[in-house]
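Here is a short tour of a protein with its ligand. Have the structure open as you read, and follow along residue by residue.

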Amino acid sequence: MNQPSRKRVFSGIQPSGVSHIGNYLGAIRNWVLQQEQYDNIFCIVNLHALTLPTTAETLHANTITMANTILAAGIDPERSILFVQGDVPEHAELSWLLSSVTMYGELRRMTQFKDKSGSDEESVSAALFSYPVLQVADIILYDTDLVPVGEDQKQHIELARDVAQRFNSRYGETFVVPAPDIKKDGARVMSLDDPTKKMSKSDRNPASFIALTDTPAEITKKIKRAVTDSGSDVIAAPDKPALTNLLGIYSLFAGISVAEIEERYTGKGYGAFKTDLAEVVVEALTPFQQRFAELQADPAIARNVLADGAARAGAQAAAKMQIVQERMGLSQHRT
Ligand code: AQP
């Protein structure tokens, strides 16, 4: 089994629309901060984006935009592999094989399916139901030790652990059992219009999330309009979910503790806090936005990075699939 000396990190992100600060604080930022420490593979999971209706043009454009988002955030393709899931067909193949060791009941329990299908189970795609198996394949195909994700993905990583263990006990040691890497801070950035819901790019109300590409004016307007809790004290507390969320965002972008921010705004009220929070977010996103604009203007850069990434990931995936096929008795007869 391929065991690099540094721990292997794998994480994916859907090219399903514009990324928001939840994706950034919960996932991408941690990928960048830990880039030196680990042996990294990052994947734009375009097959997952097919679970909800889309068009070829949209998916293609979103894929390049996502690559540019990740590169602009600081992922260095020399140090980390960045590729598109659909470019490496072993993901889909392994997904089918793993569906034979995944229980129907396990998939039925996935809360993301329940959340995304709502009361419409009859007419959502079967892919929305089965995509957690594809996610398991994405992860364990690369002997992944750690999966840096936001809190919403915890259940899916637990499934990956269960499926890897079940496969290993049925067919012999084949896969590394991955562990989630979920940070205490930023793992669940909440919606600006409802602090009981996670910030989500598929939310119908664009004022509920701050996109990484929002202009300073849009960011300021969204923060000013963000719901607050009753009272006027700028403090994080269980009965102040909206303020707790805004303070968390401030803390991560400014690099100072929530306690320090609370002290700074004692007696100043929500207005002053929100004005400064908008400035903090705008300032933190400015370098990202400049680099992102440069990359968007020259799509050949992303295309080259993704071609190289697919070749590097593809070689590892092919080697692993050969082992899996042998273990499962899927001998090859094609010459
Ligand atoms: N609100 C969030 N707070 C912290 N982390 C989050 N993530 C997503 N939302 C939050 C993390 O971002 C990574 C990429 O997620 P994804 O694009 O694959 O899809 P998702 O988890 O389904 O998140 P979205 O952005 O809200 O998309 P939609 O609206 O399509 O569901 C993951 O690591 C995720 O945990």
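Let's begin with where the ligand is: it sits in the largest pocket. Bear in mind as you look around that this is a predicted model.

Around the ligand you will find 22 residues, the closest being Asp152, Val189, Ser200, Lys201 and Ser202. Sorted by class, this shell holds six nonpolar, 11 polar and five charged residues. Helix H1, which spans residues 21-33, contributes the most to the shell, with four residues.

| Residue | Protein atom | Ligand atom | Distance |
|---|---|---|---|
| Asn23 | polar side-chain atom | oxygen | 2.9 Å |
| Val189 | backbone N or O atom | nitrogen | 2.8 Å |
| Lys201 | polar side-chain atom | oxygen | 2.5 Å |

Now for the salt bridges, of which the model has 12. One of them joins the side chains of Asp152 and Lys198, with 2.9 Å from N to O. Asp152 lies in the loop between strand E4 (146-148) and helix H7 (154-171), while Lys198 lies in the loop between strand E5 (179-181) and helix H8 (216-225), so this pair ties together parts that are 46 residues apart in sequence.

How values were computed. Residues are numbered from 1 along each chain as its sequence is written. This is a predicted model: local features need pLDDT of at least 70, side-chain atom pairs count only at pLDDT 80 or more; totals for chains, interfaces and linings use all residues. Side-chain values use heavy atoms; hydrogens and water are left out. A residue is near a molecule or strand if one of its heavy atoms lies within 4 Å of it. A polar contact is a pair of N or O atoms within 3.5 Å; within protein, one must be able to donate a hydrogen and the other to accept it, and residues adjacent in sequence count only if both atoms are side-chain atoms. On a 1 Å grid over the protein atoms alone, a cavity is a set of points where a 1.4 Å probe fits but cannot get out, and a pocket is an open set with protein on both sides within 12 Å along at least five of seven lines; lining residues have an atom within 4 Å of a point. A molecule sits in a cavity or pocket if more than half of its atoms lie within 2 Å of its grid points. Helices (H or I, at least four residues) and strands (E, at least two) are DSSP runs, numbered from the N terminus. Ala, Val, Leu, Ile, Met, Phe, Trp, Tyr, Cys and Pro count as nonpolar, Asp, Glu, Lys and Arg as charged, and the others, Gly among them, as polar. A salt bridge is a side-chain nitrogen of Lys or Arg within 4 Å of a carboxyl oxygen of Asp or Glu.
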